[in-house]
Amino acid sequence: MTLLITVFAAVISTVVWYLSLPENTMKVHILCFMYWGASLMWFVDAVFEYIETGAGYFTPAAEDMLNDAFLGLSAVALGLVIWILYVLITDPKGVIKKALAKSTNKV
């Protein structure tokens with residue numbers, strides 16, 4: 001489930017990035033790299049787990065699937081938080097800078 005969730009997040013973020021080209025002001029490519037990296041990590045994990053357990057890998061218990069789903073959603077949420085913090089810090093559209101300048105002019 002972790003692999004599936006992060007692959008979906010990677011594909012969605014890649015489509016959003018591609019549609020936002022050539023401007024790419026929101027730096028969505030960073031989100032793509034994080035999700036594709038997580039997908040690659042869990043793909044390697046799945047391969048090694050398959051080597052260990054064999055065909056039993058494809059019949060996980062419901063509890064294991066639920067735990068993996070929570071882990072995948074947590075990874076996607078953490079990636080979004082990191083990306084939002086990056087966008088807020090770099091302020092690619094200058095919105096925060098303008099807001100701060102406006103608030104200092106009022107004082």
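**Asp 91 and the helices around it**

Modeller: Start at Asp 91, in the loop between helix 3 and helix 4. The model is predicted.

Biologist: Why is Asp 91 called buried?

Modeller: Its relative accessible area is 17%. Buried means under 20%. The value falls below that cut-off, so Asp 91 counts as buried.

Biologist: What is the phi of Asp 91?

Modeller: It is near 45°, a positive value in a residue other than glycine. Asp 91 follows helix 3.

Biologist: Which other residue has a positive phi although it is not a glycine?

Modeller: Lys 27, with a phi of about 55°. Lys 27 is found in the loop between helix 1 and helix 2.

Biologist: Why is Lys 27 called partly exposed?

Modeller: Its relative accessible area is 30%.

Biologist: What kind of peptide bond joins Leu 21 and Pro 22?

Modeller: A cis bond, with omega about 0°. Pro 22 also has its place in the loop between helix 1 and helix 2.

Biologist: Now helix 3. How do you know that its length fits its residue count?

Modeller: Helix 3 has 29 residues, and at 1.5 Å a residue these should span 42 Å. The end C-alpha atoms are 42 Å apart, so the two values agree.

Biologist: Why is helix 4 said to lie largely in the open?

Modeller: The number of buried residues among its 12 is 0, so helix 4 lies largely in the open.

Biologist: Which residues of helix 3 are buried?

Modeller: Ala 69, Gly 72, Val 76, Gly 79, Trp 83 and Val 87. Their cover includes helix 1 (2–19) and helix 2 (28–53).

Biologist: Ala 75 sits in helix 3, residues 62–90. Why is Ala 75 called partly exposed?

Modeller: Its relative accessibility is 23%. Buried needs under 20% and exposed needs over 50%.

Biologist: Leaving aside neighbours within four places in sequence, which residues is Ala 75 in contact with?

Modeller: Tyr 35 and Trp 42.

Biologist: How far apart are Ala 75 and Ala 9 in sequence and in space?

Modeller: They are 66 residues apart in sequence and 9.9 Å apart in space, C-alpha to C-alpha.

Biologist: Step back to the whole chain. How many helices and strands are there?

Modeller: The count is 4 helices and 0 strands. From the N terminus the order is α-α-α-α.

Biologist: How does the radius of gyration of the chain stand against that of a compact globule?

Modeller: A compact globule of 107 residues would come near 13 Å, but this chain has 19 Å. The C-alpha atoms fill a box of roughly 65 × 30 × 15 Å along the principal axes.

Biologist: What share of the 107 residues counts as buried?

Modeller: 21%. The chain exposes about 7,800 Å², with 74% of it supplied by carbon and sulfur atoms.

Biologist: Among contacts between residues at least 6 apart in sequence, what share joins residues at least 24 apart?

Modeller: 73%.

Biologist: Where do the charges lie relative to each other?

Modeller: The mean positions of the 6 positive and 8 negative charges are 36 Å apart.

Definitions and conventions
Residues numbered from 1 in each chain as written. Predicted model: local features only at pLDDT ≥ 70, side-chain atom pairs only at ≥ 80, totals over all residues. Heavy atoms only, no water. Helix = DSSP H or I, 4+ residues; strand = E, 2+ residues; numbered from the N terminus. Buried < 20%, exposed > 50% of the residue type's maximum accessible area, 1.4 Å probe, protein only. Contact = heavy atoms within 4.5 Å. Rg over C-alpha atoms; globule rule 2.2 N^0.38 Å. Areas by Shrake-Rupley, 256 points an atom, 1.4 Å probe, with all protein chains shown as cover. Lys, Arg positive; Asp, Glu negative; His and termini not counted. Charge placed at Lys NZ, Arg CZ, Asp CG, Glu CD. Expected span 1.5 Å × (residues − 1).
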